Amino acid sequence: MTTSIRRWAVATTAVVGLTVTGCGIDDPSEGGDDAGSSGEASDDPIKIGISLPLTGDFSEPGKGVQRGYEAWAAYVNENGGLLDRQVELTILDDQSNADRVASDYEKLINQDGVDLVFGPFSTRLVVPAAQVALDYGFLFVEPAGAAEDVFTQGFTNLFYAAPAVAQDHYNYLADHIEAMPEGERPETAAYAAMDDPFAQGTAYGLKDRLEEMGVETVVDEVYPPNTTDFSSIAAKIASSDADIVVGGTQYQDAVNLIISLQQLNYQPRMAAFSTAPTNPEFASAIGDKTEGIMAPTGFTPEATYETTAEFVEYFTEENGAEPNEDEANAWTTGQVVAAAVEGVGCADPSAECQQQLIDWLRENEVQTVVGPLTWDAEGRPQGAHLIQQYVDGEIRIVLPEEAAEAELIFPKPEW
Amino acid sequence: MALFLQSLILGILLGGLYALLAAGLTLYFGVMRVVMIAHSAFLILAAYLAWWFTSTTGIDPLVSLLGTVPLFFVVGVLMQRVLLSRLRPATLTMMSVLLTFAVALTIEGTIGFVFTGTQRRIQLPYSGSSIEFFGAQIAVVKLIAFVLAAISLTVLYLVLKKTRFGQALRATIQNKEAAELVGIDTRKVAGYGFGVGLATAAIGGTALALDATIYPSLHWHWIGPLMAIIVVGGLGSIPGAAAAAMILGVSQSLLQIPMGTTWAQTIFYVVLFATLVFRPHGFFGGRLAQRF
């Protein structure tokens, strides 16, 4: 028995070590070619390097961003390219791993010799990626790093290609609640947020506003990104019987949390979750019990901005479905970089060209599928998110009123 | 009080699932001194097969057990005979870690190749349904998983306790050399024991799939807690694993009330360290393991 125990102690140590090591063992799924020369003739393609979470915690939105980037590249190439050169994407899979995303961008810049880089998905991956880009002096336009943390770390090369930062995503909803008569206004709120700067940022942006107007916080739960069992969090929220439940969520955690809440028969008067409800798979994932669920969004296919209709038509033709927010933000990233490239007239990895691209974006407004974008010195876009809600089974814009496609439902019907 | 009752029920349901998932793991070590890192990978494979079965046929995932249980049993027997029986007895425990680690990676890669890395979830008509119990809600899918676990563990216990195969298996667990002296073919027993262990993985994976989002690398999330359960319960002891699973499941669920999700998950490792330091044969190993 003693020998057995000793073996077990050694074996257990080995298991822990191997398990930890094993978390990052898959081969990257590489796309595009990996030719390494940085010097090119004018008719060579413009090589753009990207790392995306195609597997792991952020795989759903990560693949959405991939579709957006690929559609943009195909569209650009069909329309004469950039600076009369074709664009060529090299996409690596970082497995939703922050260490991996940094090494991916190192590889893209150093080994693959890309001319430009586009950002990954999720604040947790954007920050290490942006640092690598900054170290090499590259312009870094990203589609999904919306948390305040992104803009306070001295990234002088970074631009967020969406209308608003995470903290402001729920501003229109907060304004709406503030405008409600005292007696009708929700009195208590429960918050559950992934331990992720973007996800927490969206929930806490609303939390700050609601607390200012006197809405009491009765649950404030933060969970690790790899959480799979949401039943205990749901039990806390259900037990509090909060009027509003706010999820600072990505995709799968929102689905799991909502199903857990439904299992406990908790019926909030208002329910808002970031990211997930705008995903086309969302309704079927939660058994079509969507009525009244809200989400902030930076994009709608119905928007009347000058390039939106063309984007929606092209993307739908290519992919068989209308684009969602992740796909639109990826396309927007492409539009922003393309505007800078056309504005400056260069697309190469030299420090001079990259700095010119950065300077151009600091000084100019870019027309995109999510509206005209300008940025402050830290890369924050100067806009606002729309609020969408499931109304009669369809996700519709309900706030602000001037852009609304349907009237906001309150209180939320039972799910 | 309502939250306590709700959390207690959730903890019991979770503990039942943990017990089922850990049962095979403790059996492998009990019979063969094999540390089976790939057990949780087989769980996820079974979950994927259940998802695939339901998404292609529309039939309840529990029906897939008719195919996956015998399939996994055969795979287990073959795995023991083809791979593990070739390892030298002197270094069996350590080498089994490396070998089954490779198997786990192979399974993960295969799942990723066949089903892609997209996260999957079985959506059933009763996925969001629950039953009220003294004001608390019991999710139907969790209850089904718990009942499945209870039935499986009871059957497993009775097989080990009442059948000749079970007697041979218990004899092999207690003293392999003595078992061989009385004519037990321990090699054959080891093969069947491994098959039974993997058959429980088929059931556990299907139970898991009822109420979880699955993706190929999910098994890394499970192997740590499952290892902790069988060490705390006492190596080779099914009742010990069940008791440890229940204690850890309930503790985790109840501790989430004051401590929050992040800290409550550390309970497994705190208890594991304490067990290794103060009672290295497990809390139940000393007494319960003797029952086999």
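## Surface and make-up of chain A

Chain A shows an accessible surface of about 14800 Å², and 45% of that belongs to carbon and sulfur atoms. Areas like this come from the Shrake-Rupley method with a 1.4 Å probe, and for residues only the protein chains shown count as cover. This is a predicted model, so local features need pLDDT of at least 70 and side-chain atom pairs count only at pLDDT 80 or more, while totals for chains, interfaces and linings use all residues. Residues are numbered from 1 along each chain as its sequence is written, chains are lettered from A and ligands numbered from 1 in the order in which they are written, and side-chain values use heavy atoms, with hydrogens and water left out.

Of the 415 residues in chain A, 60% are buried. Here buried means under 20% relative accessible area, exposed means over 50%, and partly exposed is in between (1.4 Å probe, protein chains only). Chain A has 12 helices and 14 strands; helices (H or I, at least four residues) and strands (E, at least two) are DSSP runs, numbered from the N terminus. Take the contacts in chain A between residues at least 6 apart in sequence: 70% of them join residues at least 24 apart. A contact means heavy atoms within 4.5 Å.

Three strands of chain A make an open sheet with parallel pairing, in the order β2-β1-β3. The edges are β2 (87-93) and β3 (116-117) of chain A, each pairing on one side only. Strand β1 (residues 46-52) of chain A is joined to β2(A) by 7 bridges, and A:Ile48 sits opposite A:Leu89 there. For two strands to pair, DSSP has to find at least two bridges between them.

Now for helix α3 (residues 98-110) of chain A. Its 13 residues should span 18 Å at 1.5 Å a residue, and the end C-alpha atoms are 19 Å apart, which agrees. (The expected span is 1.5 Å times one less than the number of residues.) Buried residues in α3(A) include A:Arg100, A:Val101, A:Asp104, A:Tyr105 and A:Lys107. The buried residues of this helix pack against β1, β2, β3, α4 (123-135) and β4 (140-142) of chain A.

## Salt bridges

Counted over all chains, there are 16 salt bridges, each being a side-chain nitrogen of Lys or Arg within 4 Å of a carboxyl oxygen of Asp or Glu.

A:Asp220 and A:Lys207 make another, at 3.7 Å from N to O. Because A:Asp220 lies in strand β7 (residues 216-223) of chain A and A:Lys207 in helix α6 (residues 197-212) of chain A, the pair ties together parts that are 13 residues apart in sequence. A:Asp220 is partly exposed at 37% relative accessibility, whereas A:Lys207 is buried at 13%.

Then there's A:Glu405 with A:Arg396, whose closest N and O atoms are 3.4 Å apart. A:Glu405 counts as partly exposed at 27% relative accessibility, and A:Arg396 does too at 32%. Elsewhere, A:Glu148, A:Asp376, A:Glu378 and A:Arg380 form one network through salt bridges that share partners.

## Two hairpins

In chain A, strand β13 (residues 386-391) runs antiparallel to strand β14 (residues 394-399), with 5 bridges between them. A:Ile387 stands opposite A:Leu399 in β14(A). These strands form a hairpin with 2 residues between them, and A:Asp392 in the turn has a positive phi of about 50 degrees.

Chain B has a hairpin as well. Its strands β1 (residues 130-133) and β2 (residues 136-139) pair in the antiparallel sense over 4 bridges, with B:Ile131 opposite B:Ile138 in β2(B). There are 2 residues between the strands, and B:Phe134 takes a positive phi near 50 degrees.

Helix α2 (residues 39-57) of chain B has 19 residues and reaches 27 Å from first C-alpha to last, close to the expected 27 Å. Just after α2(B) comes B:Gly58, with a positive phi of about 80 degrees.

On the surface, B:Val74, B:Leu78, B:Val82 and B:Leu83 form a nonpolar patch with about 310 Å² of accessible area together. Patch residues have over 30% relative accessible area and no salt bridge; like charges are joined within 9 Å, and nonpolar side chains (Val, Leu, Ile, Met, Phe, Trp, Tyr) within 5 Å. B:Leu83 is found in the loop between α3 (65-82) and α4 (92-115) of chain B, and B:Leu83 is partly exposed, with a relative accessible area of 33%.
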